[in-house]
Amino acid sequence: MKTIVLTVFLALAGQFAFSITHVDSLYKRLDKVMDNRQLYMANKEEKIQAIKQLLSIGNLSPQQTYDINLKLCYEYKKYKSDSAVFYILKNVQIAKDLGSQYMRHKAEIELAWLYSTEGLYIESKNLLDNINRIALDPKLLPDYYECYNEFCSHYGQSNNNNLYYTKSELYRDSLLMVLDPGSLKYQITHAENMFFKGKRKDAEVALLSLLDKTTDKDPERAVIAYLLGRMYMNDENSDLQKQYFAISAITDVENSIKDNASLQSLALTFYKAGDIDQAFRFIEAAVSDALFCNVRYRTVEGSSFYPIINASFQEKEKKQKMEFRLYLILISILSLFLIAGIIYTYKQMKRVSKIRGELFRTNEQLSKLNNELQQANDNLSESNHIKEEYIAHFFDLCSTYIDKLENYRKSLHKKAANNQLDELFKTLKSTSIVETELEELYKNFDTIFLNLYPTFVRDFNVLLVTEERIHPRHGELLNTELRIFALIRLGITDSVKIASFLRYSLRTVYNYRTKVRNKAVSRDSFEEMVKEIGTLKRD
């Protein structure tokens, strides 16, 4: 039992979901069709123009002209009634010229139908009354009864006379008697007859069956769907009412049927549902179609509802404009706050940017000072290390020279004590000791300096052009040029001091400095770059 209930529930739920999807799709299609109204009208005009071209064919017989005019009348009949009247009047004249009673009756019946739609009821009735029904060709009886049925319906509607509504039903009964029971017109008229005579269920079954047999390309589909919409309107089933009026409207618009009831009925349906925008859209289209087609009774119908819907639409528009103004004021106020916020934020950002710039510059200055301080510390450290190195060597050399002086004194004393005066004077006159000691001094300086700056020779030559680089001879650590610039590297830049230390003349030192500077890659900054040479070797 639970399984059966669940199955039924799922089936109903699926059917409901499908129904909602189908209806949504229908209304989307209706919107698209309404947007393309001008396109369908262009197609209609193109079709009419193609038929009109047939009239320009030479040597057409009156019968051929009559048939072409009749086709144009049928095309214009529910599209532009004035044009239909124009061509059917031509056929009335052709029929008179040919003396054909059949052709004349057919043309006059069509003309009476058109006069009826345009509100020319007297002219329409005179035409119908002048046709002898007894003498009328049986083929024209369906058109005759249908025309009388429409005339009575239109006239009764124009002055709300129930007598003509009754006559309309009688002519519909007569129409059913002469129509082919197998024809679509018979089936539609029969279903309509059942509907107006209270046989609602039978009419519904018949109309739904007919709707399934037709497509949107069949103009009759609009009538079938409209009758179903009227039926559900009487049942107060607004959803189905709107659905079938929408189907009818789609067919009318796609076939450019301007003499239609669907758009007006759809407008009223949406109005009652509270959808004022859609109601206004459809009533405006309905009135526009009625005026375009010159269908008087449709114009009267639309004009009676248009002011009501238009007033509601204008009221809604007014309300929306008021809301729009309110929203605009609120947005303007918020925009002012936003602008003020942006300006404040911009100023703050500018201020922060300025502070950041100052901090950046301060940091750069601090970094520069730190670098200078670090450089100074490095220089001090280097100077201290050099001092330490040289002080140690200084004491070592002093001790060595004291020992040498003591030995030299003892040697002289011994020679003096032994009365070796010639040897004594010879020793005192000799410069070999000085030269030997000077050579030892250079060797000690070179050793100590290269111990501090082991890469000095290589780094120094990098500053010179390749072909002018200086290399000590075999067995030498430094030569004279290298020794002069070694002293400059130690911070002794005064040529007088350099000359004194190396026991050279001032000119000799100056010439060496100039000669080597001319060999440099960059002469202007050469000596400054020499001061930066080498990596201090630390023990």
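E204 and K201 form a salt bridge, with 3.9 Å between their closest N and O atoms; the term covers a side-chain nitrogen of Lys or Arg within 4 Å of a carboxyl oxygen of Asp or Glu. Both residues lie in helix α10 (residues 200-213), 3 residues apart, about one turn of the helix. Helices here are DSSP runs of H or I with at least four residues, numbered from the N terminus. E204 counts as buried at 11% relative accessibility, whereas K201 is exposed at 57%. Buried stands for under 20% relative accessible area, exposed for over 50%, and partly exposed for what lies in between, with a 1.4 Å probe and protein chains only.

A word on the model itself: it is predicted, so local features need pLDDT of at least 70 and side-chain atom pairs count only at pLDDT 80 or more, while totals for chains, interfaces and linings use all residues. Residues are numbered from 1 along each chain as its sequence is written, and side-chain values use heavy atoms, leaving out hydrogens and water.

By the salt-bridge rule, the count comes to 25. Here are three of these pairs.

| Pair | Closest N to O |
|---|---|
| E204 and K201 | 3.9 Å |
| R281 and D31 | 3.0 Å |

The axes of α12 (residues 238-254) and α13 (residues 262-272) come within 8 Å and cross at roughly 150°. Axes are lines fitted to C-alpha atoms over the stretch in contact, and angles run from 0 to 180 degrees between N-to-C directions. The two helices are therefore roughly antiparallel, a label for angles over 145 degrees. The contact, meaning heavy atoms within 4.5 Å, involves residues of α12 including F245 and A249, and residues of α13 including L266 and F270.

Definitions and conventions: Parallel < 35°, antiparallel > 145°, perpendicular 65-115°, else oblique.
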